[in-house]
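My entries follow in the order in which I made them.

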Amino acid sequence: MTLPIIDFEPFRKETNKVKVARQINQACRDSGFFYLKNHGLDDQIIDSCFAAAAEFFALPVEKKSEISIDRSPCHRGWYHLYEEILDPLAAPRGDYKEGLKIGNDCGPNHPRVLAGLPLHGPNQWPDIKGWQPTMQSAYDDCAKLARSLMRAFALALELEETFFDKWLTEPMATLSPIYYPPSDSQAGAGRHTDFGCLTLLIQREIGGLHVLDQQKGWINAPPIEGCIIVNIGDMLERWTNDKYRSTQHRVMNNSGVPRQSLAYFFDPDPDTPIVALPSCIDEGERANYKPTTGLDYLLEKIDASFSHRQKS
């Protein structure tokens, strides 16, 4: 194992924020992946979330299809095996996994819904007692950690600690329970980089995540008790003008038993300008990317990766 383990307790308790920020800065420049311990997520909330997800995934396909993602105008709900296609060249049929997309639950009178903003609207909830509040608790718990991490990233990038706060009033965040059937030949998640800003990955006892190291090739990133995995995505790589790395990774579940994980994808407000950050571009240096917004960039990536988004 070569991914660093970073203790987040000094940042949470405000005893040595700078040290943590420096460690995060180094990890993001080296690989864009690190383990995080003492992260503050509530174990009982996460355990309940895994149990609720397992109950849903055990339902018959016809029952899960009642909240199929292709019924949602805002990319929420259940997606079936092969629905997501992360590596179309190696696995054109799609990924051997199923999962759920749970976002900010916007009602019909929400300003962004009234404005017709893509990716904003109501969640689709299964008819399982206690399921919605359980997932909402996990969503909120992850949001709290992600906001704190963005402050750590700001310090790591030599910005004011609250630099990103103005773009995090109502982030475009998604909680995604994922189920990987066992397979010796099919990729549960094909080789890819994450689309957005920041990902929290919560694993249990079954591993399968591989991260691409430039020197060593594919390395295992197994579950470590008390730790979650944090990685940056394409949006933050772009924001930092390639100073931070959005690294390719995949999931191969050849354990012989099903694997569950919980991914939380954290992205800024839709109108956030994704342009080179002031600390990531020197005077006279050109930005590597054209300006875009958080929503436009995310839409482009999602539309290219889900088969139901490509239907005419």
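I count two strands as paired if DSSP finds at least two bridges between them. Helices (H or I, at least four residues) and strands (E, at least two) are DSSP runs, numbered from the N terminus.

Ground rules. This is a predicted model, in which local features need pLDDT of at least 70, side-chain atom pairs count only at pLDDT 80 or more, and totals for chains, interfaces and linings use all residues. Residues are numbered from 1 along each chain as its sequence is written, and side-chain values use heavy atoms, with hydrogens and water left out.

Entry 1, the whole chain. I find 8 helices and 14 strands in the chain. The C-alpha atoms fill a box of roughly 55 × 45 × 40 Å along the principal axes. Of contacts (heavy atoms within 4.5 Å) between residues at least 6 apart in sequence, 76% join residues at least 24 apart. Of the 312 residues, 53% are buried, meaning under 20% relative accessible area with a 1.4 Å probe, protein chains only; exposed is over 50%, and partly exposed lies in between.

How many residues of strand 10 are buried? I find 6 of the 6 in residues 227-232, so strand 10 is largely enclosed by the rest of the structure. Cys227, Ile229 and Asn231 are buried on one side, and Ile228, Val230 and Ile232 on the other. In a regular strand the side chains alternate between the two faces of the sheet.

Strand 2 (residues 33-37) runs antiparallel to strand 10 and is joined to strand 10 by 5 bridges. Phe33 has Asn231 as its bridge partner. Strand 7 (residues 198-203) is also antiparallel to strand 10, with 4 bridges. There I see Thr199 opposite Asn231.

I trace 4 strands in the order 6-11-8-9, with antiparallel pairing. Strand 6 (189-192) and strand 9 (217-220) are the edges, each pairing on one side only. The twist averages 25 degrees from one strand to the next; axes are lines fitted to C-alpha atoms, for helices over the stretch in contact, and angles run from 0 to 180 degrees between N-to-C directions. Strand 8 (residues 209-213) is joined to strand 9 by 4 bridges, and Asp213 has Gly217 as its bridge partner in strand 9.
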